[in-house]
Amino acid sequence: MSGAQGLHEHVLAAPMGFVSAIQLLERLCEAPKAVLHLARNVARYDEDNTGDMTAENYVEAFQAAGIAMNAAALGNASRALAYLYRGVKTTDTDAEAAAGVLGMSTSLSEDACYVVTQAIAKAMSEVAAGGEGEAAKPKKPLKIGQLSGTEWRLGVAIASRGCDQLLTPYVSINLKAIDDNGIETTIPVELSYAEFQEFKRELRAASAAMDMA
C-alpha cells in the first residue's frame, strides 16, 4: 500500500527494539545536520551498500553537538532511521505526510518528526540525483598507473540493508596510483571481513604465481 496509510502500517510492523531505538533517534534530532549526514549514509547503503563515515565519526559529530551516545546506541538509532527511510521510500510518502504519520505512530516529538522526515526526503533526493545535493557527475575512466602507496583503517558499519550486518567490522583501503603524467589518483575500496579474507587469498595466489614465474 502506498502513501500515508502504507507508511503507517510499515511503522506498526516494525521489528522488536524499534520503540527504544526511536527514543534514541529523538535525542539525535537535537543535531539536525548530523541526522542529515546519517540519513545520507543510510540512503547510500540502501542504494548500493556504500557509505562515507564510520561509527566513530558519527559519535564524534553528535558529541560535538552535545549529544553523548556510544557506537552501540548509535547503531540502534541508525537501524530505526533506516527502517523509516525504507518505509517512506517504498510507500512514496511525501515529507509532510510522513511527519504526520510518525507523529501519530511513534513517540517522536513534532520537532523530531520534522527533522527525520526532512532528512529522509533530502537524502532520497540526493541519491536520485547521484550525489550530495548536486547532479550526478560522470565518472572518470580508471587508467592503469603505478601504485604509489596505500592507506587503510578499520571501521564499524552503522547502516546496512540487513540488520545482521550492523556493527560489523570492515576495512577501508585507499590505493594511490600515479599515471604517466605524474597525476596521483586515490581509489577507495571498502571490504567486509569476508571480502577482505577473500581478497587476502587472491593476493596470496597472485604472489605464489609470481614466485613460480
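1. This note concerns a predicted model. In helix α8 (residues 193–212), Glu198 and Arg201 are three residues apart, about one turn of the helix. An α-helix has 3.6 residues a turn, so residues three or four places apart point the same way. Glu198 is partly exposed, at 34% relative accessibility, and Arg201 is partly exposed as well, at 46%. The two residues form a salt bridge, with the closest N and O atoms 2.9 Å apart.

2. Three salt bridges are counted in the model. Another of them joins Glu126 and Arg40, whose closest N and O atoms are 2.7 Å apart. This pair connects helix α7 to helix α3, across 86 residues of the chain. Glu126 is buried, at 5% relative accessible area, and Arg40 is buried at 11%.

3. Lys176 and Glu151 also meet in a salt bridge, at 2.9 Å from N to O. Lys176 belongs to strand β2 and Glu151 to strand β1, so this pair ties together parts that are 25 residues apart in sequence. Glu151 is partly exposed, at 40% relative accessibility.

4. Helix α2 (residues 18–28) has as its buried residues Phe18, Ala21, Ile22, Leu24, Leu25 and Leu28. They lie on the same side of α2, because they cover an arc of only 160° around the axis.

5. The largest nonpolar core holds 43 residues, and those touching the most other members include Leu25, Leu28 and Phe62. Helix α5 supplies the largest share, 10 residues. Among the residues that Leu28 touches are Val35, Leu38, Phe62 and Leu74.

Note on methods:
Residues are numbered from 1 along each chain as its sequence is written. This is a predicted model: local features need pLDDT of at least 70, side-chain atom pairs count only at pLDDT 80 or more; totals for chains, interfaces and linings use all residues. Side-chain values use heavy atoms; hydrogens and water are left out. Buried means under 20% relative accessible area, exposed over 50%, partly exposed in between (1.4 Å probe, protein chains only). Helices (H or I, at least four residues) and strands (E, at least two) are DSSP runs, numbered from the N terminus. The arc is that of the directions from the helix axis to the C-beta atoms. A nonpolar core is a set of buried Ala, Val, Leu, Ile, Met, Phe, Trp, Tyr and Cys residues joined through side-chain atoms within 4.5 Å. Contact means heavy atoms within 4.5 Å. A salt bridge is a side-chain nitrogen of Lys or Arg within 4 Å of a carboxyl oxygen of Asp or Glu.
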